[in-house]
There are 2 protein chains.
Amino acid sequence: MDADTIIRALGALAQEHRLAAFRLLVQAGASGLPAGVLAERLAVPNSSLSFHLAQLSHAGLIRQERQGRSLIYSADYAAMNGLIGYLMENCCAGAVCGSDEGSSGCAPAISDERKSA
Amino acid sequence: MDADTIIRALGALAQEHRLAAFRLLVQAGASGLPAGVLAERLAVPNSSLSFHLAQLSHAGLIRQERQGRSLIYSADYAAMNGLIGYLMENCCAGAVCGSDEGSSGCAPAISDERKSA
DNA sequence: TCGATAATTCAACGAATATCGAAATGAAGG
DNA sequence: CCTTCATTTCGATATTCGTTGAATTATCGA
């Protein structure tokens, strides 16, 4: 996953309505949610939401599927996976997620740190 | 960690130079790097980088410390930890990181998914 | 085919970002 | 005190983002 894709994904999530929409889609699971429901739940005009969904879609974080006259959106877990993986590898000094620290998240450093100072 | 903080952090990382700067700081470890070195390595004018560092700082992702006449910046691992934690909890359907799947990342869903279909 | 429904695209606008050179700030050393 | 060095802040500008109503496309039902 190249840095450009990561930046697009981060930028897509870095917005109130888009983050909320994505969270809703994650909760909704694989069955997803139609755009209208999303717009209603977020209290955002249809056209505004459409813009945001396009951003998320362009970032590869969500998928679109037509079902009758509704467009169903659903979260792309693989993409989110890739994003988190990138952040853990590149922005967490490598030591993460039950590797050798046993801790919850990213460890301080490995290079020039004494790791306990 | 509230959504507003998360959005600021995501937005701070959603930019070529800032993501690169943060990665450099993560690699540099707790000893950090002076602004000048960062600017040189990223091939970005000093004033431009200063703007970006301010964004990262405002997002709480990096810390500033004066050392002589240099300003040393270093990554705040706890903040990054919080960000990744939020993403895993809220954008990954809860099942992540060696919890019960054993897989590498976030699982499809829990609610209306049969989890193996 | 006609109308109703679901959603997107278009055009326009203000607000926020990214960029950079020049001037200002803060610290060190003579 | 004055100069130099490391960075930041200040203007100024070009670009991108977020928002919205109006027009458009696509589907369904009768």
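Modeller: The sheet in chain B is open and has 3 strands in the order β1-β3-β2, with antiparallel pairing. Its edge strands, each pairing on one side only, are β1 (33–34) and β2 (62–67). Helices (H or I, at least four residues) and strands (E, at least two) are here DSSP runs, numbered from the N terminus, and two strands pair if DSSP finds at least two bridges between them. The model is a predicted one, in which local features need pLDDT of at least 70 and side-chain atom pairs count only at pLDDT 80 or more, while totals for chains, interfaces and linings use all residues. Residues are numbered from 1 along each chain as its sequence is written, and chains are lettered from A and ligands numbered from 1 in the order in which they are written.

Within the sheet, β2(B) and β3(B), the latter spanning residues 70–75, are joined in the antiparallel sense by 6 bridges. In one of these strands, β3(B), Tyr73(B) is the bridge partner of Gln64(B).

Helix α2 of chain B, residues 16–28, lies across β1, β2 and β3 of that chain and runs at about 85° to β3(B). Such angles run from 0 to 180 degrees between N-to-C directions, with axes fitted as lines to C-alpha atoms, for helices over the stretch in contact.

Phe22(B) deserves attention next. Leaving aside residues up to four places away in sequence, Phe22(B) touches Leu13(B), Leu56(B), Leu61(B), Ile62(B) and Ala75(B), and also Cys91(A). Contact requires C-beta atoms, placed from the backbone, to lie within 7 Å. The largest nonpolar core has 66 residues, and Phe22(B), Phe22(A) and Ile84(A) touch the most other members. A nonpolar core is a set of buried Ala, Val, Leu, Ile, Met, Phe, Trp, Tyr and Cys residues joined through C-beta atoms within 7 Å. A residue is buried if 20 or more other C-beta atoms lie within 10 Å of its own, exposed if 12 or fewer, and partly exposed in between, again with C-beta atoms placed from the backbone. In soluble globular proteins, nonpolar side chains tend to be buried together.

Ala43(B) counts as exposed because it has 9 C-beta neighbours inside 10 Å. Its phi is near 55°, a positive value in a residue other than glycine.

Terms used
Contact = placed C-beta atoms within 7 Å.
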